[in-house]
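Look over the sequence and the model first. Then read on for the ligand site and the aromatic rings.

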Amino acid sequence: MPIYYNEQTKTFRLDAGKASYAFCVGPCDTLIHLYFGPRIPDGDLSGLEFSLGLSSFSPNPPGMAGSRFTLDAALQEYPANGAGDYRLSALAIRGENGSSATCLRYRSHEIRDGKYALEGMPAVYAGEAAAQTLDVLLEDPLTGAEVHLLYGVIEGFDAITRAAVIRNAGSAPFVIEKAASAALDFPRMDFDLVHLYGQWAQERQLSRAPLTHDIRTIASKRGSSSHNHTPFAALAGKYTSETHGEAYGMSLIYSGSFAIETECDAYDAARAVLGINPIDFEWILAPGERFSTPEAVLVYSGEGLGGMSRTFHKLYRRHLCRGEWKEKIRPILVNNWEATYFNFNEEKLLAIAKDAAELGIEMLVMDDGWFGKRNDDKSSLGDWFVNEEKLKGGLKPLVEKVNALGLQFGIWFEPEMISPDSDLFRVHPDWVLCAPGRKPSIARNQYVLDMTRKEVRDYLFDTISGVLHSANIAYVKWDFNRNLTEAASPALPPERRKETGHRYVLGLYELLERLTSAFPRVLFEGCSGGGGRFDPAMLYYSPQIWTSDDSDAIERCRIQYGTSFVYPPSSISAHVSAVPNHQTGRVTDFSTRGNVAMAGAFGYELDLTKLTAEEKELVKQQVAQYHAYAPLVQDGDFYRLISPFEDENRCAWMSVSPDRSEALVTFVVPKTKVNFTSYLRLAGLDPDRFYEDSLTGAVRSGSLLMNAGLNLSRTWRDGESVLIHLKAVQ
Ligand code: DGJ
């Protein structure tokens with residue numbers, strides 16, 4: 001059993017793979033955090049509580065006058081606001097008395113088999129025998145708030161999942177001002193904060209800087225997880241590298257406004273708190289009602305940042321992604337967006353499909369512009385009816401012709417949006433999400449639909465289902481091209497309007513759940529102006545996500561490298577596009593464009609009819625390579641080898657099959673230099689086995705390849721790259 005409780009010491013211990021996590025019931029029945037780190041044997045953990053009773057400026061709880069115990073310096077599991085701990089809090093509840101001082105006391109706990117689920121929200125799942133749940137009940141005697149702290153452990157994973165469920169067991173409503181998913185305290189602060197920031201077309205860039213005595217927040221207020229930050233941060237030891245040292249990864253399974261806050265206090269202790277962004281958030285909980293936070297996943301790695309990422313990859317691939325496509329090799333698709341933009345008709349699509357079929361591509365995806373009167377981005381969002389001027393006779397005949405060529409067919413939607421110039425808007429202007437009395441801000445000529453309203457979700461379910469039933473559609477790209485503004489739903493009473501952001505996300509999840517259940521065979525791909533909503537929660541509904549609107553292979557090295565810190569390669573949708581690249585104007589080798597895209601869910605995003613005969617031969621080769629390597633990429637262990645954030649001349653990564661009999665190495669030269677020497681030290685191989693490399697045919701031991709490396713010294717041109725396949729021969 002991975003979860004234990006010691007009656008004598010009132011200590012909880014969770015053993016999660018190679019990690020242990022411990023806390024106890026301390027003074028005043030407060031939950032005191034004791035330990036998170038490498039696996040420890042059962043034994044005495046007393047004395048680890050960090051509580052100094054420093055001065056009169058760190059108060060004692062009522063009834064503990066003169067004691068050494070102060071919440072202000074204690075390591076806590078779920079710190080509450082305004083009652084003696086001046087650091088970041090996890091919970092703030094405003095009661096009838098108007099005060100947000102909150103007080104939590106341990107009442108009971110339960111250990112059960114299986115992994116808890118969260119109502120209406122994505123969470124990691126596992127079979128009954130493969131997981132355990134610890135449910136600790138805390139209560140606030142004044143407001144009657146009951147807080148269930150949920151902890152999950154899944155066999156074989158160095159990870160703890162956490163969430164909180166709050167129930168109003170009192171007799172009056174109260175207001176939740178902040179409810180984090182988890183807090184994590186350390187009696188030290190010698191960490192670097194690692195996180196991923198970005199913007200449109202430049203998502204998930206790597207940042208690493210030492211913690212200092214301050215509060216730092218990685219957050220989104222956009223109503224969406226956003227291009228600007230993904231809901232992830234790690235605390236890494238000062239000397240932690242890709243391969244060595246400790247790293248604590250924190251990831252939030254949520255698609256809305258979030259905050260990951262860190263604070264280092266005057267006593268050199270560090271605290272991290274992650275959850276729904278408390279800014280612009282409140283939730284009124286009536287007696288008897290419950291509120292669930294999203295789930296947080298805490299990963300411990302003693303094998304550097306690479307080890308942390310591999311735990312996230314496996315956990316999210318196996319225990320978060322769902323459905324028919326979760327483990328399947330994804331089809332090679334061609335998407336017409338960069339090929340035609342809005343300027344297409346049936347003839348044009350069929351010409352692309354015909355070439356695609358000849359080249360071995362497996363699916364045609366029809367992107368934006370097939371519905372309403374949409375010939376540019378100025379109209380028709382919401383009118384999910386085929387534009388018969390473009391597609392004469394509708395969808396069915398087109399899909400049948402594409403299927404007859406041997407290709408599957410996929411389609412684009414942007415369900416959560418409405419154009420002011422649309423039939424939907426003319427009938428339902430009230431469906432726009434906007435605070436009463438305000439005019440809605442406009443972005444890309446569109447407004448956001450009020451997803452908190454059931455009638456809006458029903459309309460979307462019916463119209464999207466209608467399209468999906470009307471033809472043999474195998475894939476849906478779910479786009480979202482702007483963020484929320486004036487986000488206060490008129491459908492809610494004024495005192496509840498700060499619930500809008502979270503209710504929007506719950507509405508989105510409900511619609512996605514209905515559609516993915518109704519169409520279990522359809523492959524859903526998430527998208528938000530590229531990777532603006534690339535988060536774990538979306539992976540629960542769509543096992544792959546369009547990573548960025550920047551399809552330049554060289555820029556993609558950084559974007560995909562950053563994305564791999566949390567998200568598995570199988571989820572990273574990557575396409576070969578035309579040159580000069582539409583976003584950067586750069587001209588990159590066709591083979592490099594293929595090699596970089598091969599690291600994810602592979603496809604094309606160009607007009608195949610315009611390729612030269614030589615390029616078409618290269619497409620055929622890439623298709624064959626994908627068939628040979630996709631199982632390795634999608635199911636293998638991913639190792640980052642050279643960071644494009646640290647080396648402007650080189651970038652490299654590799655995938656190793658679970659049995660270590662095969663590997664695929666990608667080496668890219670974004671920018672060359674004279675006298676280019678490069679010994680590429682590999683990782684993850686079996687040191688005692690011998691591998692033949694596809695580049696030279698030489699057979700070398702795993703040990704040699706990992707310690708001396710592959711000698712790739714030669715003259716490289718800007719943007720050149722190579723894929724090297726390694727096969728164990730002994
Ligand atoms: C943004 C997406 O990221 C693109 O791939 C494309 O689908 C456009 N939207 C269409 O409007």
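Which backbone atom lies 2.8 Å from an oxygen atom of the ligand? A backbone N or O atom of Gly-530 does. Keep in mind that this is a predicted model.

## The ligand and its shell

The protein covers 98% of the ligand's accessible area, which is 300 Å² for the ligand on its own. In total, 13 residues surround the ligand. The closest are Asp-367, Asp-368, Lys-477, Asp-479 and Asp-549. Sorted by class, the shell has six charged, four nonpolar and three polar residues.

Asp-367 places a polar side-chain atom 2.6 Å from an oxygen atom of the ligand.

## Aromatic pairs

A pair of aromatic rings is described by two values: the distance of the centres and the angle of the planes. The structure holds 36 aromatic pairs. One of them joins Trp-337 and Tyr-341. Their centres are 4.9 Å apart, with 80 degrees between the planes. Planes over 60 degrees apart count as edge-to-face, and this pair is edge-to-face.

Now take Tyr-509 and Tyr-541. Their ring centres lie 5.6 Å apart and their planes meet at 25 degrees, so the pair is stacked. Tyr-509 belongs to helix H7 (residues 500-518). Tyr-541 belongs to helix H8 (residues 536-541). The pair therefore ties together parts that are 32 residues apart in sequence. Tyr-509 is buried, at 1% relative accessibility. Tyr-541 is buried as well, with a relative accessible area of 7%.

## A cluster of rings

Ring pairs can also link up into a cluster. Which residues does the cluster contain? Its members are Tyr-5, Phe-12, Tyr-21, Phe-23, Phe-36, Tyr-106, Tyr-151, Phe-186, Phe-191, Tyr-248 and Tyr-300.

## Charges over rings

Where does Arg-533 lie? Arg-533 is over the face of Phe-480, 4.1 Å from the ring centre. In another case, the charged end of Arg-640 sits over the ring of Tyr-561. The distance to the centre of that ring is 6.0 Å.

Technical notes
Residues are numbered from 1 along each chain as its sequence is written. This is a predicted model: local features need pLDDT of at least 70, side-chain atom pairs count only at pLDDT 80 or more; totals for chains, interfaces and linings use all residues. Side-chain values use heavy atoms; hydrogens and water are left out. A residue is near a molecule or strand if one of its heavy atoms lies within 4 Å of it. A polar contact is a pair of N or O atoms within 3.5 Å; within protein, one must be able to donate a hydrogen and the other to accept it, and residues adjacent in sequence count only if both atoms are side-chain atoms. Accessible areas come from the Shrake-Rupley method with a 1.4 Å probe; for residues, only the protein chains shown count as cover. Ala, Val, Leu, Ile, Met, Phe, Trp, Tyr, Cys and Pro count as nonpolar, Asp, Glu, Lys and Arg as charged, and the others, Gly among them, as polar. Rings of Phe, Tyr and Trp (its six-membered ring) pair if their centres lie within 6.5 Å; planes under 30 degrees apart count as stacked, over 60 as edge-to-face and the rest as tilted. Helices (H or I, at least four residues) and strands (E, at least two) are DSSP runs, numbered from the N terminus. Buried means under 20% relative accessible area, exposed over 50%, partly exposed in between (1.4 Å probe, protein chains only). A charge sits over a ring if NZ of Lys or CZ of Arg is within 6 Å of the ring centre and within 35 degrees of the ring normal.
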